[in-house]
Structures are given as C-alpha cells and as structure tokens.
Amino acid sequence: MPPRKPSLDRSPAPEKRKVLMTVTAPSRPPSAAMRGHARRRGRRGLLGWLYATPTAVFVGALFVVPLLLVVKMSLSRWPLLTGDQGINVPDNFTKAVDHRFFTDSVVFTVKYTVLATVLLLALGLGLALLVQESSRWNSLLRASFLIPSALGLASASLLFYVLYSPYASPLAPVMESLGFTFLGSPTAALLSTTFLIVWRYAGFYMVLMLVGLQGIPADVYEAARSDGASRWQTFTKVTLPLLRPTLALTTVLCVTGSLLAFEQFYILTKGGPDNSTITVVQLIYMVAFQGQNDLGVAAALSVIVLLALIVMNALQLRAFRTEER
Amino acid sequence: MVADFRSRPATADEPAAPGTAPTAPARSNGVTVAGIALRTPYWVFTGAVGLIFLAPLVWTAVASVAPQAGTNQVDGWGLGNYETLANYQAGIWRYLANSTLVSLLTVALTLLVSLLGGYAFARFRFPGRNLLFLLTLAILMVPYATLLIPLYVLLNEVGLQNSLVGVALVLTMFQLPFATFLMRISFEAVPRELDEAALVDGCSSFGALWRVLLPAVKPGLITVGLFAFLAAWNDFMAPLILINDSERMTLPLAVSNLRGQVQGVVDYGATEAGVVVLALPCIVLFLLLQRHYVRGFMSGALKG
C-alpha cells in the first residue's frame, strides 16, 4: 500500500463521493430518493449562487465593468476633468505610441525586468538551497530572509530613500570618498532600485523555490549519487530540470511584477535622473494625473500593457512547456 | 558561486532531504570538533547573509531615535522625529486612523466574501461556477494601473472617489483571487462527511458552514486575513490615485508626502520615524503568524 500512495492521492474526490452515495442511497426507497435528489440539486444550485453572490458582485462591479470601461476610454477622448467627449479612434493609441517617453519607458522597463528577474530567481534559488534542511539555525535564517517581504513596497522604498541619500545614509562617507551617489546616475539609480527590490522579494522567491525543491523525490538524489554524479552534475542534471514547473511559475510572477513596477521608482527616483528611470506604469500615471491629465491616452497605454502582458505570459508558459517535451 | 555554497551544507548531511519532513536522520549533528570546524565557514557566511537582510531595518529603527542634523532630533537620543511626524499636516493619528479603517474594512470584507465564495465553489454546483471562478482568478492577470484608471472614473460616478470606503472596496477586489482560491482549497480539504452529517441532522447549509465548517477552515481564514491586512495597510497606488484630500490620506501616502514639504528640504529623521511606524505592525504580525504567512506563499506556489 504505502509505495502506491502517490497515485492514489491524485483522485480522491470522485471516489469518496461514490462511497458516500452507496452508503446513503439504500437508506430510502429508490424512487423517492431520486426525486428528492433532483429537487435538492436544484435547490443546492440556487444556494450555491446565493453564497457566490458577494464574489460575483465584487468581480462584476469592480473588475469586469472597469475592464470594459478602460477599453471604451481608450477609444474615446476623455480628459481628466470633463470626462467622456465621444469616440476618437485611434487618436489615443497614436498619441500613446508617439509620447516622447513611450519608447524610453518601454526599453527601461524591459531592461529592469530582465535584471530583476535574473537576480531574484538566482538569489531565491541560492537562498533556498542554503536553508533547505530544517534546523533551528536555518529557520532563523529563513525568517530573516522573509522579514523584508512583510514590509510594504512603499515602506521599503522610503527606507532605502533614506539609506541612499548622501546626507542621512550611514554610507554617506563611502559615497563621498568614492565620489558617487546611489541615485545620481541612470545606471546607479537602476542598480540601486534593483537592490531594494531584491532585498524586499528574495525571501518570497526563496519560499517558492523551497516548495519546488521539496517536490523532488529523495530517491532521485540517491540514484544520482550512486551513479557517481558530482554535486554540480546533480544540480544541473537533476535539480534544475525537475524544478522546471517552479522556475516557470516564478519567472511568470517575477516578469509580470517587474513589468508593472511603479512605487519603487515613483518614491526612490521620481523617474530621474534625466527621466532615465520612467517605467511604463509611471508613464500611465503621469499621462493621467500629472500635467497632461488625459485619461483616454492613459487608458490606451493601459490596454497596450494588458495585451503585452497576456502575450508575454502565454509565450513564457509555452516556452516552458515545449522545453519539457 | 551560488552553487558552490549550496553544496556546503551537504558535506555533513545527506544531499537535500526533501519530502514533508526534511530532516536528515543519519546526521552526526556536527557535535564532533571536526564537524564544528567544517561548518564554521557555513555559519559565518549564512549569518552574514542573514544580517544583510536585517541590517536596513535595524539601522532605520536606531537612526529614527538617534541625533541627526537637519531633523527635530539634533542633540542626544529621543523621540523628536516622532514629534515631527505627529504634527505633520492633519497629524499622524489621523493618518493612522485612516489606514486602520481601510485595513480593517478590507480584512472584514475579504474574509466575508471569500468565506462565502470559497464555500460556494467547494461545496455547490451551480451554473456559471467555473466561469465565475476563472474570472476571479483573472484579476491577477490584469495590471493594477489598468484597473485603477477606470475605477477612478467609476467610483467618481457613485460618489466613492476620494473616500476611504472606496479604497477598501477596491483593495478587497484585488485580494479576491488569492483569498477565494485559498478558501476554496481550505473547504475542499475538509471531508464532505462532516457537513453532510450536519445537514442530515437538520442543520441548514448556513448552519453547517457556521457551526461545523468554520472551525475547520480557520487556518485558511487567518492566512487570508493576514494577507489582506498587509496588502491594505501597505498599499500605495490605490490611495494615491483615488484619494485627493490630504485629510483622507493613508499612512504610506502621508509619509511619502512628508519628504520635501518644508522648502524642498527632506526631513530624513521624520521619514525614518514614518517607516518605523509603517513597518512595526507588519513585522509584529509576521513574527506572530509566520507559519500562516509562509503557508500563504506556498499555496500560491502549488497553484502553478
């Protein structure tokens, strides 16, 4: 019995239900039971809807309707203060693409996404491998890696805003003697912000990697060891391939999160220096509420981001799936 | 580099001990002198990495009460920076109250909606069930900013723009994919016999939920509530876009605005104090509910 357990685990629900039916059905005359069953199923359907109504209201009113509205807004002239001024297809989209920061912000967002994703996944996996055995020391380490993730992104950004400042930072003397500041040049600003993000999220990705690592059966490692595989071989030939589903999930999460970066740059760099760190979401915010006040163009940008995101996620999932074959 | 350090713990133990109870049984415990000597570099290295993660937090807490030029705490140690914070615009108590209201309302709404929703998805078959569930999960796929712009317009129309209740409603919606998913699997993990028995005994379906199932899904509810609180307490973008009255700002917004208020000079001391006030409840909750916190992350991973 024990060795077969995993395969049994996969289909517990239908079997349990079948058992239940055979136990309960004979207790009543068959015809009445069947009529009662049908009536009960109808009533239970109604009850189900009753319990699902709050979810449906929230999802409908605050997700589906806004989603349709943003599409409508992207097709209409829609200044912040006066509201809907009628259809103007495709003005918003041409204005969005022609925006002087459009290309720069797309290029910068992609650059930041690649950097953050590579660093976070590598570090997340590294930390997970470091603390995967359970011991008191390791659970202490796990907790300290995880604490920053309990902070809000805005709080963490404010914390590093002070930490990076040439005036209040404990590293101020270092900055002075080396003649640079953490947010002073475009490259420094990008790297400093990425460091903040890695500090804030590494623990989160460590947990996801730990879950993946625990899913790898111990006997696979046994086999690799008895075949005389070195540690590096075990890592590249056993751990990494078997970790593929986890790597796929974490990549999708990290890419999506990084493409939508806002708070960290809004608070730390305000898009500077020289408008070098404007992300796409920041551009949306700028167009909508800072100066231009054009919700139509902002909506068009939002729709472009949404479509890009869907396409990218689909491509990533497909890439991970075809590699598997 | 990373791979090299990975292998170090494996020198004394089995290489990776996965499974549900990842302890290495055939372990020497490193009690021997040689064992301790072998593992010292590992302790030093991992301890240093752990410190990198803790140092910014500790430093901020210390710096917020330390003397600092250009702040309200120039000489000696004290709470001068917290005084600046307390007197900023409408006062920190106002912003604390606003943040608390938004957070508690979001937690209450998220718990209620996901408890009922999770029960519906786990225990009932009704037309549109799969569609509604997929739509709820789809919220995760859509960028925050994409929804906040139309939500700004919509809430304006129903008089909930510039309102803390409006912010809480929006934040609840953003919590629903995670919360509904987690409550659904929490309910599904409870044996059906439990509520079937209650129904046979004459309980209504709500009675079965309230008296029999609620205690069983309590860990799920704690995780959902914890994540809803952290998300609402820390959220920056929704209040930034939806609130334009300085009286109604939430704490993260207030602390962010506090920089550069006085003639463009940043009061770093007050910012540090603000970060401490913002971070403290999160860290306390993390330490108290660490198991639930990690479980929440893990259920996210299992979904993939």
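Colleague: What share of the contacts in chain A with a separation of 6 or more comes from residues 24 or more positions apart?

Modeller: Such residues account for 71% of those contacts. Two residues are in contact if their C-beta atoms, placed from the backbone, lie within 7 Å. This is a predicted model, in which local features need pLDDT of at least 70 and side-chain atom pairs count only at pLDDT 80 or more, while totals for chains, interfaces and linings use all residues. Residues are numbered from 1 along each chain as its sequence is written, with chains lettered from A and ligands numbered from 1 in the order in which they are written.

Colleague: What makes up the secondary structure of chain A?

Modeller: Chain A has 15 helices and zero strands. Both are DSSP runs numbered from the N terminus: helices are H or I, at least four residues, and strands are E, at least two.

Colleague: Why is α7(A) called roughly antiparallel to α13(B)?

Modeller: Helix α7 (residues 153-164) of chain A and helix α13 (residues 268-288) of chain B pack at an angle of about 150°, and their axes are 9 Å apart. Therefore α7(A) is roughly antiparallel to α13(B), since angles over 145 degrees get that name, those under 35 are roughly parallel, 65 to 115 roughly perpendicular, and the rest oblique. The axes are lines fitted to C-alpha atoms over the stretch in contact, and angles run from 0 to 180 degrees between N-to-C directions.

Colleague: Which residues make that contact?

Modeller: From α7(A) come Ser155(A), Leu158(A), Leu159(A), Tyr161(A) and Val162(A). From α13(B) come Tyr268(B), Thr271(B), Glu272(B), Gly274(B), Val275(B), Leu278(B) and Ala279(B). They divide into eight nonpolar, three polar and one charged. Ala, Val, Leu, Ile, Met, Phe, Trp, Tyr, Cys and Pro count as nonpolar, Asp, Glu, Lys and Arg as charged, and the others, Gly among them, as polar.

Colleague: How many residues of chain A are in contact with chain B?

Modeller: 87 residues of chain A are in contact with 88 residues of chain B. Helix α3 (residues 30-74) of chain A gives the most to the chain A side, with 21 residues. That side divides into 67 nonpolar, 14 polar and six charged residues.

Colleague: What makes helix α12 of chain B mostly covered?

Modeller: In this helix (residues 251-258), seven of the eight residues are buried. They are Leu251(B), Pro252(B), Leu253(B), Ala254(B), Val255(B), Ser256(B) and Leu258(B). A residue is buried if 20 or more other C-beta atoms, placed from the backbone, lie within 10 Å of its own, exposed if 12 or fewer, and partly exposed in between. The cover includes α7 of chain A and α10 (218-234) of chain B.

Colleague: Why does Lys270(A) count as partly exposed?

Modeller: Lys270(A) has 13 C-beta neighbours inside 10 Å, so it counts as partly exposed. Lys270(A) lies in the loop between α13 and α14 (280-289) of chain A. Its phi is near 50°, a positive value in a residue other than glycine.

Colleague: Why does Asn293(A) count as partly exposed?

Modeller: Asn293(A) has 14 C-beta neighbours inside 10 Å, so it counts as partly exposed. Its phi is near 50°, also positive in a residue other than glycine. Asn293(A) lies in the loop between α14 and α15 (295-324) of chain A.

Colleague: Which residues does a cis peptide bond join?

Modeller: The bond joins Val89(A) and Pro90(A), with omega about -10°. Pro90(A) sits in the loop between α3 and α4 (91-98) of chain A. Most peptide bonds are trans.
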